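Look it over, then read on.

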Amino acid sequence: MKPFSQLAALTAFMAGVALPAQALILYSGDNSANQTAPANGAPWEQVGSICGSEPASNGNGTAIHVRGKYFLTANHVPTGERLVTFDGETYSLIDQNFTPVQITTGTGSVDMKLCKLVDDPGLDDIVLNTNSMFDRSRSTTTVMIGYGMGRDPIQEDQTDTTRTWDWGSYPTIVKRWGTNEVEGAVSVANVPDYNYTYNGLAIYANNDAGDNEGALALSDSGSALFQYIGGQWVLSGLATLVQTSDSSTFGEYQTVEEETTFTGDANYYVRISSYASQIEAALPDLSTYTGWLTDNSLSGADAASTADPDADGMTNLEEFAYGTNPVVADATLSPQTALSGSSMVLSWQQSTLPESVTIEVQETDDLLNTAFSASSLTPEQVGLDGDIAQMRVTLTPAIGAQTFLRLSVTTSE
């Protein structure tokens, strides 16, 4: 095989006809196969369905959870007033107060956007691939995971080497995984009725990976191409285009006079290694007050550090410092005092993320005449749950004395 000739063939095709990617169909044509996480550990839970009220009957595309409340999908996938479901269990509304961030380049728009959920689904983060050497190698272990249609169940079984499977209808929508090989990097441009220009990765639906070989079909736009690089699974591609509509043809390699061609359908992905830095930059920095406001969809008067949108007695700055939700009232998460024998215990929770915030224990012995000042009491961490630390100080005043404690929250932002 000549890599240059292969890449030239891929690039030339992009000036022809291609259609937005629509789900995952297998070479075996078995719709019941590969519906649970692959045994090799490729990310599974992080791939979900963008849907209406029921993912199996109203799939619009696929979502890839990146971290926290944020997910990636193809820009051409509708995300207004939609739900995202991960494995049919975790549902979350797409946050309409967050304007999706479309990734762009100097030459045009990329068919990829970052969106936000109202609630954090509590899934593990994924790693974005930044290695532009191994993502285009056929020897790199590659797994496709999509949430879309399968083979039309009324179509007869096929046993020939070359197989063409008609796509099914909405009842065949389900999450599946498949294997394939990246044939090379490609520049996506000049595709009729498709106004995007970007660096991509190409795969072909051929018969070299056995029954698990996968191809894209309806509702799989935005689905994931994971690769095992550097000892970890990384997101290398986001599905965007298929060569033909309504069916997937699994073909074979043909070499004539040292020129290799592919008879199977071509599928195309946005190449994540080209845009990983832009995706990272689009994710809000939750250690800053500005990023925290974005993450909680606060704007205007509700974004002021002294505002209290949920009316639970804690200002936004305090909620930022304590790691609480500024739009869900819960006064029980504010600092609390309790008696322990002859001592008073002041306890609170605080976020470990903000570097700009200082929480200081202050005291005074006279509320009327003496200002609060820094206390000599040393806070003690008594628990840690993720990014939330449980803190306390214990005060044992001398007999007949009185001391008042408070927490002061300030920021350098």
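Buried means under 20% relative accessible area, exposed over 50%, and partly exposed in between (1.4 Å probe, protein chains only). This is a predicted model: local features need pLDDT of at least 70, side-chain atom pairs count only at pLDDT 80 or more, and totals for chains, interfaces and linings use all residues. Residues are numbered from 1 along each chain as its sequence is written, and side-chain values use heavy atoms, with hydrogens and water left out.

Q: Is F320 buried or exposed?
A: The relative accessibility of F320 is 2%. The limit for buried is under 20%. F320 therefore counts as buried.

Q: How is the ring pair of W292 and F320 classed?
A: Rings of Phe, Tyr and Trp (its six-membered ring) pair if their centres lie within 6.5 Å; planes under 30 degrees apart are stacked, over 60 edge-to-face, the rest tilted. Here the centres are 5.4 Å apart and the planes stand at 50°. So the pair of W292 and F320 is tilted.

Q: Which helices hold W292 and F320?
A: Helices are DSSP runs (H or I, at least four residues), numbered from the N terminus. The pair links distant parts of the chain, 28 residues apart. W292 is in helix α3 and F320 in helix α4.

Q: At what distance from the ring centre of Y27 does R163 lie?
A: A charge sits over a ring if NZ of Lys or CZ of Arg is within 6 Å of the ring centre and within 35 degrees of the ring normal. R163 lies over the face of Y27. Its distance from the ring centre is 4.1 Å.

Technical notes
Helix = DSSP H or I, 4+ residues; strand = E, 2+ residues; numbered from the N terminus.
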